[in-house]
Amino acid sequence: MLLDLSEEHKEHLAFLPQVDSTVVAEFGRIAVEFLRRGSNPKVYEGAARKLSVSSDTVQHGVEGLTYLLTESSKLMISELDFQDSVFVLGFSEELNKLLLQLYLDNRKEIRTILSELSPDLPSYHSLEWRLDVQLASRSLRQQIKPSVTIKLHLNQNGDHNTKVLQTDPATLLHLVQQLEQALEEMKTNHCRRVVRNIK
Amino acid sequence: MELSEYVQKGFQMLADPGSFDSNAFTLLLRAAFQSLLDAQADEAVLDHPDLKHIDPVVLKHCHTAAATYILEAGKQRADKSTLSTYLEDCKFDRERIELFCTEYQNNKNTLEILLGSIGRSLPHITDVSWRLEYQIKTNQLHKMYRPAYLVTLNVENTDSRSHPEISFSCNMEQLQFAPIGQSKIKNMSLKISSLLSEVELNFQTGFSNIFK
């Protein structure tokens with residue numbers, strides 16, 4: 001699958017051949033950093049001054065590069081497809097190689113970042129547990145009531161959430177049995193076939 | 001067991017064969033247990049033809065006294081001798097004491113379960129459901145191809161009687177989170193049961209010695 005680059009995008013990227021390959025590598029690093037942390041306009045100004053161009057040009061260059069990397073990573077295009085897509089820009093052999101390397105080096109991380117953008121359900125983080133025995137309450141003395149207290153740590157949209165819950169040993173056994181069945185499902189022929197064939 | 005004058009007076013009336021004959025006594029006693037333990041019971045529990053001849057004020061007083069006593073006895077896990085002692089002090093004859101103790105013994109388990117269920121506790125997990133999915137793509141990311149689980153815990157709140165659910169997603173590695181596997185839990189259950197039976201034997205003396 002080839003990337004479809006718009007005219008505007010191609011214009012932005014046209015800046016890249018005009019600078020040194022070390023600069024392009026630096027732009028690549030900045031692009032990934034911005035994907036990780038968010039963009040920082042001051043960086044553009046500094047680079048613009050050093051290269052004697054307007055900061056807009058630098059910004060477009062970096063953004064063009066960012067878009068190229070994220071689209072390629074999102075679609076998980078092959079090396080060949082990436083090379084063919086970039087070929088239409090008419091860059092030098094050296095620059096094309098650099099861009100490919102940039103793509104391959106950062107693809108995994110970019111995909112991780114992109115996966116955080118999907119509709120988010122609370123996701124499991126960790127779990128702590130404790131075994132207690134209730135001995136008495138206001139309404140009944142001399143009890144022996146074992147219970148398991150669980151602190152469930154969940155993440156959602158970057159927020160950390162904890163829930164404190166309780167259950168009795170019999171229910172806990174039932175829960176564990178159910179979840180072990182869930183795990184067993186992955187080993188069935190049906191699931192194995194799906195995983196093997198949908199790639 | 002510390003009981004109020006009100007209860008004592010009610011029992012003294014209940015002890016008197018002049019106010020309550022054998023039949024009326026038994027009926028009132030059963031009514032008291034029923035009011036406490038039967039979820040469907042209402043005021044009509046005292047509407048028996050054989051109780052009609054008794055002054056309703058007295059009837060109510062004795063009914064309340066009996067119910068109060070039963071609850072207190074249940075709470076303190078009173079044994080037969082404790083029950084008998086108090087009833088003797090209220091001038092109950094042998095026959096009525098026996099009757100009371102038998103009724104109490106019959107209803108003891110239900111009473112203790114009821115009392116044990118009163119009170120606040122953390123939200124209680126009652127069940128779990130799970131869903132296994134194979135993620136293919138999102139609008140942000142294509143070619144994902146990985147399995148994921150969605151786990152929902154059914155939770156019960158004692159006071160609000162609400163049933164919230166807690167759902168979360170996790171992957172295979174995380175699902176193996178139970179740092180306690182099935183066999184360990186079974187061992188834990190066995191250990192607890194043997195501990196329970198051991199402690200039950202020592203309870204009456206052991207605990208009271210600790211708290212003297």
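Me: Let's start with A:Arg37. Which residue does A:Arg37 form a salt bridge with?
Reply: That would be A:Glu33, with the closest N and O atoms 3.1 Å apart. Keep in mind that this is a predicted model.

Me: Where do A:Arg37 and A:Glu33 sit relative to each other?
Reply: They're both in helix H2 (residues 21-37) of chain A, four residues apart, so about one helical turn separates them.

Me: And is A:Arg37 buried or exposed?
Reply: A:Arg37 counts as exposed, because its relative accessibility is 67% and the cut-off for exposed is over 50%.

Me: What about A:Arg36, which residue does its side chain meet in a salt bridge?
Reply: A:Glu109, at 2.2 Å from N to O. That pair links distant parts of the chain: A:Arg36 is in helix H2 of chain A and A:Glu109 is in helix H6 (residues 93-115) of chain A, 73 residues apart.

Me: How accessible are A:Arg36 and A:Glu109?
Reply: A:Arg36 is partly exposed at 41% relative accessible area, and A:Glu109 is partly exposed too, at 28%.

Me: Which residues are linked with A:Arg36 in a network of salt bridges?
Reply: A:Glu33, A:Arg37 and A:Glu109 are linked with A:Arg36 in that network.

Me: OK, over to chain B. What do B:Lys108 and B:Glu112 do?
Reply: Their side chains meet in a salt bridge, 3.5 Å from N to O. Both lie in helix H5 of chain B, four residues apart, about one turn of the helix. B:Lys108 is partly exposed at 23% relative accessibility, while B:Glu112 counts as buried at 13%.

Me: How many salt bridges are there over all chains?
Reply: The count comes to 15.

Me: And how many of them run across the interface of chain B and chain A?
Reply: Zero, by the rule used here. There are 23 residue pairs in polar contact across that interface, though.

Me: Which element gives the largest share of chain B's side of it?
Reply: H7(B), with 12 residues. Chain B's side divides into 34 nonpolar, 18 polar and eight charged residues.

Me: How much area do the two chains bury between them?
Reply: About 5500 Å², 71% of it on carbon and sulfur atoms. In contact terms, 60 residues of chain B touch 58 residues of chain A.

How values were computed: Residues are numbered from 1 along each chain as its sequence is written. Chains are lettered from A and ligands numbered from 1 in the order in which they are written. This is a predicted model: local features need pLDDT of at least 70, side-chain atom pairs count only at pLDDT 80 or more; totals for chains, interfaces and linings use all residues. Side-chain values use heavy atoms; hydrogens and water are left out. Contact means heavy atoms within 4.5 Å. Buried area is the accessible area (1.4 Å probe) that two parts lose on being put together, summed over both. A salt bridge is a side-chain nitrogen of Lys or Arg within 4 Å of a carboxyl oxygen of Asp or Glu. A polar contact is a pair of N or O atoms within 3.5 Å; within protein, one must be able to donate a hydrogen and the other to accept it, and residues adjacent in sequence count only if both atoms are side-chain atoms. Helices (H or I, at least four residues) and strands (E, at least two) are DSSP runs, numbered from the N terminus. Ala, Val, Leu, Ile, Met, Phe, Trp, Tyr, Cys and Pro count as nonpolar, Asp, Glu, Lys and Arg as charged, and the others, Gly among them, as polar. Buried means under 20% relative accessible area, exposed over 50%, partly exposed in between (1.4 Å probe, protein chains only).
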